[in-house]
Amino acid sequence: MQQAVYTYRSESEKETDALAAALAAWLPAGAVLTLDGDLGAGKTRFSQGFARALGVTEVVNSPTFTIVKEYEGERLPFYHMDMYRISQEEADELGLDEYFYGSGVTLVEWASLIGDLLPPERLGIAIEIAGGSGRLFRLTPQGAVYERGCLTMKENGSLS
């Protein structure tokens, strides 16, 4: 069976924040989002909007050198990871499963670099630069919860 892919086009940071907020509204504890895209595509910017939507009041920046940052949100804890500077072997030693199957929402930037360590059920998000400030988001749900959520967003016009 072929995986469904949903798309969202953003022309501004405000529109990117709207996508992040729409996802944060329905993702449950234990949810995992993976973000991939070129440098400057907007992974950290999306992460910041997502954290705000979860009620995180702290400044959220890229965890490139700390690898994992934990934040308390009003609704759920937020675990923000960046795998850009780490090998799959190093990541395997970090105990990421505690986050992936924990009580918060985990967002992994540069997730494709640790593909074998990711949980089988997750929401994959690929971000492409689409001219100027435009961004194209491709969402690939893996698992019933993610498929249902994306389908609902498509039905209400948030995704195509």
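**Sheet and cores of the predicted model**

In this predicted model, strand S4 (residues 77–82) runs parallel to strand S5 (residues 105–109), and the two pair over 5 bridges. Within this part of the structure, Tyr 79 stands opposite Thr 106 in S5.

The open sheet is built from 7 strands, arranged in the order S1-S7-S6-S2-S5-S4-S3 with mixed pairing. Strand S1 (6–10) and strand S3 (68–72) each have a single partner strand and stand at the edges, so one side of each is left without a neighbour in the sheet. From one strand to the next, the twist averages 20°. Helix H1 (residues 13–26) packs on this sheet, where it touches S1, strand S2 (32–37), strand S6 (122–129) and strand S7 (135–142). The direction of H1 makes about 145° with that of S1.

Attention can now turn to the nonpolar cores. The largest nonpolar core holds 31 residues, of which Leu 23, Leu 33, Phe 46, Phe 50, Phe 78, Ile 125 and Leu 139 touch the most other members. At least two residues of this core come from each of S1, H1, S2, helix H2 (43–53), S5, S6, S7 and helix H5 (144–155). H1 gives the most, with 4 residues.

Not counting residues up to four places away in sequence, Phe 50 touches Ala 20, Leu 23, Ala 24, Leu 27, Leu 33, Phe 78, Val 105 and Leu 107. A second core of 16 residues is separate, and its members include Tyr 79, Met 81, Ile 86 and Leu 117.

Note on methods
Residues numbered from 1 in each chain as written. Predicted model: local features only at pLDDT ≥ 70, side-chain atom pairs only at ≥ 80, totals over all residues. Heavy atoms only, no water. Pairing = 2+ DSSP bridges. Axes fitted to C-alpha atoms, helices over the stretch in contact; angles between N-to-C directions. Contact = heavy atoms within 4.5 Å. Core = buried A, V, L, I, M, F, W, Y, C linked by side-chain atoms within 4.5 Å. Buried < 20%, exposed > 50% of the residue type's maximum accessible area, 1.4 Å probe, protein only.
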